[in-house]
Amino acid sequence: MKESERTNLPVNDQQDRDSLTIAGETLGSRLFIGTAGYPNQQLLLDSLAASGSELVTVSIRRVGLEGYAESLLDLLDGRYRLLPNTAGCTTRKDAILTAELGREALDTNWVKLELIGDRETLYPDVEQLVEAAAELVEKGFVVLPYCNDDPVTCRKLEDVGCAAVMPLGSPIGSGQGIANPAMIEMICSRAGVPVVLDAGLGTASEAALAMELGCDAVLVNSAVAKSENPVRMAEAFKLGVAAGWSARASGRIPRRKYAEPSSPQLGLIGG
Amino acid sequence: MSQAYAITVNGAARRSRAGSLAELLEEEGLDPSRRGIAIALDGSVVARGAWADTGLAEGSVVEIVKPAAGG
């Protein structure tokens, strides 16, 4: 979205303010939620409900290794759009096969493409990521890549046909927030596809910041799942995203070096 | 019943007599009609509709997956 479109959003137009379109599909919430690491299944379900999210991520794993006894598909399908990921894949080949298995398992051509280059930082392997993204686009996937907070990488991913770009705020699960806000803002101002801030957030104000910087959506998992009260934190993220989006659309005042009185100076007594 | 052959299922070595991927699922105690299961044979996805007609061979490598919690 262009700068002019952002700031000229009609304030009272709920549809424009709240909905997001990716690859022609409209989503009513700008918050995407991951399903991993909740204390139990009920807290997962309650947290998803509290978040207001319509898009939730799942992994694709060998049968018998899943966390919950019941099928996630039975629990979530029909209530949420499921976005399979390629989390943990370290080769282009594995990521593409995982994406194809996810498409078959969930009957969706959307994929959150992750190609991990380093186990310790979980940073993307950019070279393989761009190649895998291009190949998946070619195969008909709607590709949402988890990527670096790097405008060049984001541009390359956009150029090969990704439906969105999902730069990290900081390392996955770190709770460090947005390490490089200026670069996220730069990416947003240059992107021709939606920008989803993915990874590293720790609390709701950081989601608000992401939206104020120009992001179109936020993807969060650990910050909700591993908080002391996941359901309440999910709601906090919902409010944070909404607050940040509205603030962004409202056009903030410029930062000034000195004070600017808000009360009128005329008629001041005692002069 | 065909002769048993050595295959790999989800990283584990097996001897199987299954005549098809559908039979292999049953051998593994999985209901082939259950939603959300996907199978790759030797690195390529086999669509659900072809499970009953897709055979296995000595050395086949099978991955059987389903959605799980993820971020």
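**Figure 1. The loop around A:Gly200 in the predicted model.** A:Gly200 lies in the loop that joins strand E9 (196-198) to helix H9 (204-212) of chain A; helices (H or I, at least four residues) and strands (E, at least two) are DSSP runs, numbered from the N terminus. The model is predicted, with local features requiring pLDDT of at least 70 and side-chain atom pairs counted only at pLDDT 80 or more, whereas totals for chains, interfaces and linings use all residues. Residues are numbered from 1 along each chain as its sequence is written, chains are lettered from A and ligands numbered from 1 in the order in which they are written, and side-chain values use heavy atoms, with hydrogens and water left out. A:Gly200 counts as buried because its relative accessibility is 5%; buried means under 20% relative accessible area, exposed over 50%, and partly exposed in between (1.4 Å probe, protein chains only). Apart from neighbours within four places in sequence, the residues in contact with A:Gly200 are A:Ser170, A:Pro171, A:Ile172, A:Gly173, A:Ser174, A:Gly175, A:Gln176 and A:Gly177, contact being heavy atoms within 4.5 Å. The C-alpha atoms of A:Gly200 and A:Ile172 are 4.9 Å apart, although 28 residues separate the two in sequence.

**Figure 2. Surroundings of A:Arg190.** A:Arg190 belongs to helix H8 (residues 181-190) of chain A. With a relative accessible area of 40%, A:Arg190 is partly exposed. Beyond its neighbours within four places in sequence, A:Arg190 is in contact with A:Pro151 and A:Arg155. From A:Arg190 to A:Arg155 the C-alpha distance is 8.2 Å, across 35 residues of sequence.

**Figure 3. Helix H3 of chain A and its cover.** Within H3(A) (residues 41-51), the buried residues are A:Leu44, A:Leu45, A:Ser47, A:Leu48, A:Ala50 and A:Ser51. Their cover includes strands E3 (31-34) and E4 (55-62) together with helices H4 (72-76), H10 (222-225) and H11 (230-250) of chain A. After H3(A) comes A:Gly52, with a positive phi near 70 degrees.

**Figure 4. Strand E4 of chain A and its partners.** Of the 8 residues of E4(A), 6 are buried. Two strands are taken to pair if DSSP finds at least two bridges between them. E4(A) pairs with E3(A) in the parallel sense over 3 bridges, and A:Phe32 has A:Leu55 as its bridge partner. A parallel pairing over 4 bridges also joins E4(A) to strand E5 (residues 81-84) of chain A, where A:Val58 is partnered by A:Pro84. With strand E5 (residues 61-69) of chain B, E4(A) pairs in the antiparallel sense over 5 bridges; there A:Arg61 has B:Lys66 as its bridge partner.

**Figure 5. The interface of chain A and chain B.** Chain A contributes 29 residues to the contact and chain B contributes 25 residues. The two chains bury about 2200 Å² between them, 60% of it on carbon and sulfur atoms; buried area is the accessible area (1.4 Å probe) that two parts lose on being put together, summed over both. In chain A, the residues losing the most area to chain B are A:Arg62, A:Val63 and A:Glu104, together 29% of what that side buries. The rule finds 2 salt bridges across this interface, a salt bridge being a side-chain nitrogen of Lys or Arg within 4 Å of a carboxyl oxygen of Asp or Glu. A:Asp74 forms a salt bridge with B:Arg35, with 3.5 Å between the closest N and O atoms. E4, H4 and helix H5 (92-106) of chain A each supply at least two residues of the side that touches chain B.

**Figure 6. Salt bridges within the chains.** Over all chains, the structure holds 10 salt bridges. One of them joins the side chains of A:Arg92 and A:Glu131 at 3.5 Å, N to O. This pair links distant parts of the chain, with A:Arg92 in helix H5 and A:Glu131 in helix H6 (residues 126-138) of chain A, 39 residues apart. A:Arg92 is partly exposed at 32% relative accessibility, as is A:Glu131 at 40%. A:Arg92, A:Glu131 and A:Glu135 are linked in a network of salt bridges. In chain B, the side chains of B:Glu28 and B:Arg14 meet in a salt bridge at 2.8 Å, N to O.
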